[in-house]
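Please view the sequence and the model together while reading the points below.

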Amino acid sequence: MGAVLQIRRDLVDAIVEHARRDHPDEACGVIAGPDDGTDRPERFIPMANAARSPTFYEFDSTDLLRLYREMDSRDERPVVIYHSHTATEAYPSRTDIKLAQEPSAHYVLVSTREPETYEFRSYRIVDGEVTEEDVEIVDEYPAAADGAR
(Lines give C-alpha, C1' and ligand atoms only; values in the text may rest on other atoms or scores of the structure.)
Protein backbone atom coordinates (compact mmCIF):
# COMPACT_ATOMS: atom_id res chain seq x y z
CA MET A 1 0.00 0.00 0.00
CA GLY A 2 1.71 3.18 -1.18
CA ALA A 3 1.60 6.22 1.04
CA VAL A 4 -0.08 8.40 -1.56
CA LEU A 5 -3.62 9.63 -1.85
CA GLN A 6 -4.46 10.20 -5.50
CA ILE A 7 -7.55 12.39 -5.69
CA ARG A 8 -9.34 14.33 -8.42
CA ARG A 9 -9.16 18.12 -8.28
CA ASP A 10 -12.98 18.47 -8.32
CA LEU A 11 -13.18 16.35 -5.14
CA VAL A 12 -10.52 18.48 -3.43
CA ASP A 13 -12.51 21.58 -4.43
CA ALA A 14 -15.72 20.02 -3.09
CA ILE A 15 -14.11 19.22 0.28
CA VAL A 16 -12.64 22.71 0.60
CA GLU A 17 -15.93 24.31 -0.41
CA HIS A 18 -17.80 22.23 2.20
CA ALA A 19 -15.22 23.18 4.86
CA ARG A 20 -15.57 26.88 4.01
CA ARG A 21 -19.38 26.66 3.99
CA ASP A 22 -19.54 25.09 7.46
CA HIS A 23 -16.83 27.33 8.95
CA PRO A 24 -16.52 28.15 11.87
CA ASP A 25 -17.89 24.66 12.63
CA GLU A 26 -15.89 21.63 11.51
CA ALA A 27 -17.16 20.05 8.31
CA CYS A 28 -17.01 16.30 7.74
CA GLY A 29 -17.83 13.73 5.12
CA VAL A 30 -16.78 10.71 3.12
CA ILE A 31 -15.67 10.03 -0.42
CA ALA A 32 -16.71 6.55 -1.40
CA GLY A 33 -14.97 4.50 -4.05
CA PRO A 34 -15.24 1.05 -5.58
CA ASP A 35 -14.41 -1.78 -3.20
CA ASP A 36 -12.12 -3.37 -5.77
CA GLY A 37 -8.66 -2.55 -4.51
CA THR A 38 -8.21 0.51 -6.75
CA ASP A 39 -8.25 2.94 -3.76
CA ARG A 40 -9.99 5.53 -5.97
CA PRO A 41 -12.13 8.17 -4.24
CA GLU A 42 -15.11 8.87 -6.52
CA ARG A 43 -18.43 9.70 -4.85
CA PHE A 44 -18.46 12.83 -2.68
CA ILE A 45 -20.77 12.53 0.34
CA PRO A 46 -20.81 15.60 2.59
CA MET A 47 -22.18 14.72 6.01
CA ALA A 48 -23.64 16.80 8.80
CA ASN A 49 -21.42 17.42 11.81
CA ALA A 50 -23.77 16.16 14.51
CA ALA A 51 -21.65 17.97 17.11
CA ARG A 52 -22.02 21.33 15.30
CA SER A 53 -18.79 22.37 16.91
CA PRO A 54 -15.78 24.47 15.87
CA THR A 55 -13.43 22.06 17.64
CA PHE A 56 -14.97 18.61 17.21
CA TYR A 57 -16.85 16.58 14.65
CA GLU A 58 -18.97 13.48 14.79
CA PHE A 59 -21.06 11.74 12.20
CA ASP A 60 -24.71 11.26 13.08
CA SER A 61 -25.00 7.53 13.81
CA THR A 62 -28.21 7.15 11.78
CA ASP A 63 -26.64 8.94 8.79
CA LEU A 64 -23.53 6.79 9.12
CA LEU A 65 -25.50 3.54 9.24
CA ARG A 66 -27.47 4.61 6.16
CA LEU A 67 -24.24 5.53 4.37
CA TYR A 68 -22.57 2.18 5.13
CA ARG A 69 -25.67 0.28 3.94
CA GLU A 70 -25.71 2.35 0.75
CA MET A 71 -21.98 1.80 0.14
CA ASP A 72 -22.48 -1.92 0.75
CA SER A 73 -25.25 -2.13 -1.81
CA ARG A 74 -23.08 -0.28 -4.36
CA ASP A 75 -19.91 -2.32 -3.64
CA GLU A 76 -18.18 0.77 -2.32
CA ARG A 77 -16.02 1.51 0.67
CA PRO A 78 -15.03 4.75 2.40
CA VAL A 79 -11.80 5.64 0.57
CA VAL A 80 -11.52 9.12 2.11
CA ILE A 81 -12.89 10.31 5.44
CA TYR A 82 -12.48 14.04 5.70
CA HIS A 83 -13.05 16.81 8.16
CA SER A 84 -11.89 20.35 8.71
CA HIS A 85 -9.99 22.12 11.42
CA THR A 86 -11.11 25.72 11.66
CA ALA A 87 -8.47 27.21 13.96
CA THR A 88 -5.56 24.77 13.91
CA GLU A 89 -3.30 23.04 11.41
CA ALA A 90 -4.49 20.11 9.32
CA TYR A 91 -3.19 17.42 11.69
CA PRO A 92 -5.31 14.82 13.49
CA SER A 93 -6.19 15.69 17.08
CA ARG A 94 -6.05 13.10 19.85
CA THR A 95 -9.83 12.74 19.50
CA ASP A 96 -9.55 12.27 15.72
CA ILE A 97 -6.98 9.52 16.28
CA LYS A 98 -9.13 7.81 18.90
CA LEU A 99 -12.19 7.87 16.64
CA ALA A 100 -10.40 6.57 13.53
CA GLN A 101 -11.95 3.16 12.83
CA GLU A 102 -11.12 2.59 9.16
CA PRO A 103 -7.54 1.34 8.78
CA SER A 104 -7.78 1.33 4.96
CA ALA A 105 -9.18 4.87 4.67
CA HIS A 106 -7.30 8.05 3.90
CA TYR A 107 -8.05 10.57 6.63
CA VAL A 108 -8.06 13.97 4.96
CA LEU A 109 -7.83 17.14 6.98
CA VAL A 110 -8.43 20.62 5.65
CA SER A 111 -7.53 23.64 7.71
CA THR A 112 -9.65 26.73 7.02
CA ARG A 113 -7.96 28.92 9.63
CA GLU A 114 -6.63 31.23 6.87
CA PRO A 115 -9.46 32.79 4.82
CA GLU A 116 -7.40 33.10 1.61
CA THR A 117 -5.63 29.75 1.63
CA TYR A 118 -6.20 26.26 2.93
CA GLU A 119 -4.08 23.37 4.07
CA PHE A 120 -5.03 19.94 2.62
CA ARG A 121 -3.28 16.91 4.10
CA SER A 122 -3.90 13.17 4.21
CA TYR A 123 -3.09 10.53 6.82
CA ARG A 124 -3.40 6.87 7.52
CA ILE A 125 -4.48 6.18 11.09
CA VAL A 126 -4.05 2.57 12.18
CA ASP A 127 -4.17 1.48 15.82
CA GLY A 128 -3.50 5.01 17.00
CA GLU A 129 -0.48 5.45 14.72
CA VAL A 130 -0.65 8.47 12.41
CA THR A 131 1.28 8.42 9.13
CA GLU A 132 1.14 11.42 6.83
CA GLU A 133 1.02 10.56 3.15
CA ASP A 134 1.57 12.53 -0.02
CA VAL A 135 -1.44 13.91 -1.85
CA GLU A 136 -1.40 13.77 -5.63
CA ILE A 137 -4.14 15.92 -7.16
CA VAL A 138 -5.08 14.84 -10.69
CA ASP A 139 -7.60 16.09 -13.23
CA GLU A 140 -8.75 12.53 -13.83
CA TYR A 141 -7.71 9.08 -12.78
CA PRO A 142 -5.56 7.08 -15.19
CA ALA A 143 -7.49 4.43 -17.05
CA ALA A 144 -7.20 0.94 -15.63
CA ALA A 145 -4.58 -1.14 -17.43
CA ASP A 146 -7.04 -3.96 -18.11
CA GLY A 147 -9.33 -1.68 -20.08
CA ALA A 148 -12.01 -1.56 -17.38
CA ARG A 149 -13.68 1.87 -17.12
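Along the sequence, the elements of this predicted model follow the pattern β-α-β-β-α-β-α-β-β-β. In total, the protein has three helices and seven strands.

**Overall dimensions and surface**

- The radius of gyration is 15 Å, which agrees with the value near 15 Å that a compact globule of 149 residues would have.
- Taken along the principal axes, the C-alpha atoms fill a box of roughly 45 × 35 × 30 Å.
- Of the 149 residues, 42% are buried.
- The protein exposes about 8,300 Å², and carbon and sulfur atoms supply 48% of that area.
- Among contacts with a separation of 6 or more, 64% are made by residues 24 or more positions apart.

**The sheet**

- Seven strands form an open sheet with mixed pairing, in the order β1-β7-β6-β5-β4-β2-β3.
- Strands β1 (4-8) and β3 stand at the edges; each has a single partner strand, so one side of each is left without a neighbour in the sheet.
- From one strand to the next, the twist averages 30°.

**Strand β2 and its two neighbours**

- All seven of the seven residues of β2 (residues 28-34) are buried, so this strand is largely enclosed by the rest of the structure.
- On β3 (residues 43-47), β2 pairs in the antiparallel sense over five bridges.
- Within that pairing, Cys28 has Met47 as its bridge partner in β3, and Val30 has Ile45.
- With β4 (residues 76-85), β2 also runs antiparallel, and seven bridges join the two strands.
- Val30 has a bridge partner in β4 as well, namely Ile81, while Ile31 stands opposite Val80 in β4.

**Strand β4 and its link to β5**

- Ten of the ten residues of β4 are buried, so β4 is largely enclosed by the rest of the structure.
- The pairing of β4 with β5 is parallel and comprises six bridges.
- In this pairing, Ser84 stands opposite Val110 of β5.

- Helix α2 (residues 61-73) lies across β2, β3 and β4, and it runs at about 170° to β3.

**Aromatic pairs**

- A search of the whole structure finds three aromatic pairs; two of them are described here.
- Tyr57 and Phe59 form an edge-to-face pair, with 5.6 Å from centre to centre and 85° between the planes.
- Both Tyr57 and Phe59 are buried.
- Tyr91 and Tyr123 have ring centres 5.3 Å apart and planes at 80°, so this pair is edge-to-face; the cut-off for that class is over 60 degrees.
- Tyr91 belongs to the loop between β4 and α3 (94-99) and Tyr123 to strand β6 (residues 119-126), so the pair ties together parts that are 32 residues apart in sequence.
- Are the two tyrosines, Tyr91 and Tyr123, buried or partly exposed? Tyr91 is partly exposed, with a relative accessible area of 35%, whereas Tyr123 counts as buried at 0% relative accessibility.

**Ser122 in strand β6**

- Ser122 lies in strand β6 and is buried, with a relative accessible area of 0%.
- Which residues does Ser122 touch, not counting those up to four places away in sequence? The contacts are Leu5, His106, Tyr107, Val108, Thr131, Glu132, Glu133 and Val135.
- The C-alpha atoms of Ser122 and Ile31 are separated by 13 Å, and these two residues are 91 residues apart along the chain.

Definitions and conventions
Residues numbered from 1 in each chain as written. Predicted model: local features only at pLDDT ≥ 70, side-chain atom pairs only at ≥ 80, totals over all residues. Heavy atoms only, no water. Buried < 20%, exposed > 50% of the residue type's maximum accessible area, 1.4 Å probe, protein only. Helix = DSSP H or I, 4+ residues; strand = E, 2+ residues; numbered from the N terminus. Pairing = 2+ DSSP bridges. Phe/Tyr/Trp six-rings, centres within 6.5 Å; stacked < 30°, edge-to-face > 60°. Axes fitted to C-alpha atoms, helices over the stretch in contact; angles between N-to-C directions. Contact = heavy atoms within 4.5 Å. Rg over C-alpha atoms; globule rule 2.2 N^0.38 Å. Areas by Shrake-Rupley, 256 points an atom, 1.4 Å probe, with all protein chains shown as cover.
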